[in-house]
Amino acid sequence: MRETKQFVIHVVPENLANAMHETSLHYPEHIDEFNESQLTPISSLTVEPPTIKEAPIAFECEKSDIIQVGTDHLVLGKVKRVRVNDDVYLGNYKTNIAELSPLARLAGDYSTLKTPSFPLPRKEE
């Protein structure tokens, strides 16, 4: 990503959790991450890095900046294109969260967004 200045961010469902984890591991340059994770690369339309076919949502991005935060790095990018599969798209710019069951992580272990949606502000009962 540092060399090409491009990357793809994928929103993955719960059933791809182990495969997603495999792609986060550090492999020697000669090892194919797609082969290791058993995911299928497909050509992106606006950036050089491939998109993962099995991921229902993909953001094709160009790097804007990399900011060091302690010993880690925050990567900022401009979204060039978004792909959303029809089976998780409800129309009117909304996704079907129940169908998608996206992985989430704030700190520690991963979870999914299984809680039913609710409007804000919440009314006290």
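I started at Q6, which lies in strand 1, residues 6–11; strands (E, at least two residues) and helices (H or I, at least four) are DSSP runs numbered from the N terminus. A reminder to myself: this is a predicted model, where local features need pLDDT of at least 70, side-chain atom pairs count only at pLDDT 80 or more, and totals for chains, interfaces and linings use all residues. Residues are numbered from 1 along each chain as its sequence is written, and side-chain values use heavy atoms, with hydrogens and water left out.

**Entry 1: Q6.** Is Q6 buried or exposed? I find Q6 buried, because its relative accessibility is 15%; buried means under 20% relative accessible area, exposed over 50%, and partly exposed in between (1.4 Å probe, protein chains only). The Q6 side chain reaches the backbone nitrogen of E48 at 2.6 Å. I also looked up contacts (heavy atoms within 4.5 Å). Setting aside residues up to four places away in sequence, Q6 touches M1, T46, V47, E48, P49, C61 and E62.

**Entry 2: E60.** Next came E60, in strand 4, which counts as buried because its relative accessibility is 2%. Which backbone nitrogen does the side chain of E60 reach? That of L45, at 3.1 Å. Again not counting residues up to four places away in sequence, I listed the residues E60 touches, among them F7, S44, T51, K78 and R81.

**Entry 3: the salt bridge.** I searched the whole structure for salt bridges (a side-chain nitrogen of Lys or Arg within 4 Å of a carboxyl oxygen of Asp or Glu) and found one. The side chains of R81 and E60 form it, at 3.4 Å from N to O. R81 lies in strand 5 and E60 in strand 4, so the pair ties together parts 21 residues apart in sequence. R81 counts as partly exposed, because its relative accessibility is 26%.

**Entry 4: the core.** Which residues make the largest nonpolar core? I noted seven: V12, L16, A19, L39, I52, A55 and L103. Such a core is a set of buried Ala, Val, Leu, Ile, Met, Phe, Trp, Tyr and Cys residues joined through side-chain atoms within 4.5 Å. Leaving aside neighbours within four places in sequence, L16 is in contact with L39, E54 and A55.

**Entry 5: V69.** Last, I checked V69, found in strand 4. V69 counts as partly exposed, because its relative accessibility is 47%.

How values were computed
Polar contact = N/O pair within 3.5 Å; in protein donor to acceptor, adjacent residues only side chain to side chain.
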